[in-house]
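Here are my notes after a pass through the model you sent. Have it open beside you while you read.

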Amino acid sequence: MKQFLSLSLSLLLLIAAKGQITPSEKKYFKILEKTFNEQQAYNTVWFVEQRWRLAGNSGFNESIYQVEKILQQAGYTKETNGEATATLTYRIEKRPMNHVTWEPVDASVYIVGDKEPLLQFKTNRNMIAMYSASTPAEGVTAELVYIGKGSAKEMEGKDLKGKIVMAEGGIGGVYDNAIKNGAVGAVAYSMPKYNQPAKYTNSIQFQGISYTDSLSQKWGVLLSYAAKEKLKAALEKGPVSLKVTVNTKIYASEELTLVANVRGKTKPDERFVFSAHVQEPGANDNASGVGTLAEMARTTAELVRKKKVTPQRTITFLWGDEIVSTHRYIKDDSIRAKGIKWGLSLDMVGEDIQKTGGTFLIEKMPDPSAIWTRGNEKHTEWGGGELQESNLFPHYFNDLLLNRCLYEAVKTGWTVRTNPFEGGSDHTPFLNAKIPGLLMWHFTDVFYHTDVDRLDMVSPIEMKHVAKSALTTAYLLTTANDKTATALIKDITRNGLQRLQTEFELSKKAVQAGNEKAKEQHILEVWCDWYVKALATAIDIPASAAGKQVQQAIENGQQQLREQMGIYVSQL
């Protein structure tokens with residue numbers, strides 16, 4: 001990745017030196033530097049991250065209504081006649097939920113005989129497993145029984161009735177097996193290696209248990225590494241009893257989705273859709289996405305009112321339940337879906353990388369690096385599934401967004417990297433619907449999904465870098481004329497040629513090391529074909545019908561790629 005990044009940065013500097021960065025792009029970056037207020041974005045993160053957010057609960061809904069206030073103050077008006085009500089509009093969609101929602105209130109765990117709590121909610125807000133019921137107000141005191149991984153087989157024949165089960169495994173499975181065997185509750189430890197639990201001994205990742213009904217529901221508690229080790233040490237000395245107190249709320253609710261639109265002047269049915277999910281309790285995940293997107297919407301409104309940006313296509317901002325809301329936005333209106341040309345998800349975009357270790361990444365649409373992950377291409381510790389060539393999604397969007405981010409990096413020193421497609425966030429519903437979709441995020445974050453993911457781990461400047469790059473991309477794609485489109489196509493051609501060079505060098509070394517030449521040639525051919533097809537999709541970049549110079553730029557780029565491909569194959 002470092003090599004590819006370095007080559008891309010050098011390429012971008014060369015482009016800039018030759019004046020190939022479009023005047024529109026320079027203008028957008030300049031006005032966004034002045035207009036996007038990272039402190040306002042940070043203030044929204046502060047508001048949202050204080051709330052434990054799950055779709056339908058009070059924290060989630062309060063966050064939605066806070067963003068609504070920001071939109072109102074920015075000049076967005078509530079829809080009365082659909083999106084055509086005004087240039088700047090918003091709506092809150094409300095739907096009854098087919099399941100209850102949940103929120104934590106308080107909890108504590110004491111080893112009987114100790115004066116200090118083993119865990120308490122005020123310092124470990126992720127300690128209560130989602131959908132845990134409350135204990136009686138006085139708590140539950142019971143003997144603790146350690147059951148290895150907490151599997152059903154391990155619990156066979158054990159006397160667990162009226163006891164608390166402890167295991168080292170996901171709380172969901174441990175809880176189910178424990179309750180089936182008569183336990184009053186479960187405590188479990190399960191932390192991924194990338195969270196470095198032996199170093200950050202007090203952090204806890206949030207997890208949940210299955211919900212049955214209000215009468216039979218019990219509780220589960222998640223352990224930190226330190227709490228787990230203390231309990232195991234105590235059990236080695238003899239019997240241990242715990243006093244567990246849990247206070248939660250479980251209730252019927254409705255799901256909220258907030259949608260704001262900057263209506264396109266000439267092609268309002270064609271749109272660029274931004275999304276940020278509200279649920280999950282962390283500051284970076286994903287209060288930073290909520291706050292960044294709210295300020296992006298405010299910034300765009302200001303620039304539109306001042307006539308500094310005039311989108312010809314609609315720009316949509318969406319806040320809701322991860323994957324669920326974006327999937328519904330696409331599927332509920334087939335006519336609207338036909339006009340969605342790009343989707344961009346903001347998830348964990350505010351990381352202070354010096355504290356979290358989570359580098360900024362663009363997760364690419366499926367390109368050949370997701371099949372042949374080699375050289376400096378690397379999957380994150382989230383991991384990617386196996387893809388076939390039939391899963392590839394050739395499109396210019398990968399490189400167009402990357403080039404904008406690299407331009408910001410050249411100007412500011414921002415660290416920009418990419419990762420092959422992995423999935424798991426709001427970009428996947430777009431891709432599943434055959435709509436170009438990308439993810440802006442950070443990983444690997446040692447505090448990912450833990451209760452250490454709080455406001456002090458968020459960087460306002462990082463959010464600004466993301467916002468400037470994302471908005472410039474959206475502004476270009478919703479305003480581009482033929483001249484701008486042609487320049488962008490030439491950029492993407494250069495990206496493709498650079499990628500072919502990188503892959504050729506890797507394949508040449510592979511052949512020299514004994515790999516089959518035919519296999520290596522095939523990899524080069526797939527990359528060339530991917531970029532040739534990606535360039536073909538660039539015909540839709542202009543906001544009006546593409547002219548001859550756009551078509552010619554595409555054809556010239558495709559020819560350059562094919563010719564260079566032929567040279568590389570002959571040199572393998």
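1. A word on helix pairs before anything else: the angles quoted here run from 0 to 180 degrees between N-to-C directions, and the axes are lines fitted to C-alpha atoms, for helices over the stretch in contact. Also keep in mind that this is a predicted model.

2. With that in hand, look at helix α3 (residues 38-49) and helix α4 (residues 58-74). They pack at an angle of about 155 degrees, and their axes are 9 Å apart. Angles over 145 degrees count as roughly antiparallel, and α3 and α4 are therefore roughly antiparallel to each other. The crossing of α3 past α4 is right-handed.

3. Next, the nine-stranded sheet. It is open, its pairing is mixed, and the strand order reads β1-β2-β10-β12-β11-β13-β16-β14-β15. The edges belong to β1 (77-78) and β15 (417-419); each has a single partner strand, so one side of each has no neighbour in the sheet.

4. Within that sheet, follow strand β13 (residues 340-346). Strand β11 (residues 267-277) runs parallel to β13 and is joined to it by five bridges, with V273 opposite G343. β13 also pairs with strand β16 (residues 437-443), again in the parallel sense, over four bridges; here L346 stands opposite M440.

5. How buried is strand β13? Seven of its seven residues are buried, so the rest of the structure largely encloses it. The cut-off for buried is under 20% relative accessible area.

6. If you want a landmark for it, find S275, which sits opposite L318 in β12.

7. There is also an open sheet of seven strands with mixed pairing, in the order β4-β3-β9-β5-β6-β7-β8. β4 (119-120) and β8 (219-222) are at its edges, and since each has a single partner strand, one side of each is left without a neighbour in the sheet. The pairing of β8 with strand β7 (residues 185-188) is parallel and has four bridges, with A188 facing L222 across it.

8. Last, helix α15 (residues 482-512). Its 31 residues reach 45 Å from first C-alpha to last, close to the 45 Å expected at 1.5 Å a residue. N481 caps the N-terminal end of α15, with a side-chain oxygen 3.2 Å from the backbone nitrogen of K483. Just after α15 comes G514, which takes a positive phi of about 110 degrees.

Terms used:
Residues numbered from 1 in each chain as written. Predicted model: local features only at pLDDT ≥ 70, side-chain atom pairs only at ≥ 80, totals over all residues. Heavy atoms only, no water. Buried < 20%, exposed > 50% of the residue type's maximum accessible area, 1.4 Å probe, protein only. Helix = DSSP H or I, 4+ residues; strand = E, 2+ residues; numbered from the N terminus. Pairing = 2+ DSSP bridges. Expected span 1.5 Å × (residues − 1). Polar contact = N/O pair within 3.5 Å; in protein donor to acceptor, adjacent residues only side chain to side chain. Parallel < 35°, antiparallel > 145°, perpendicular 65-115°, else oblique. Left-handed = near helix turned anticlockwise from the far one by under 90°.
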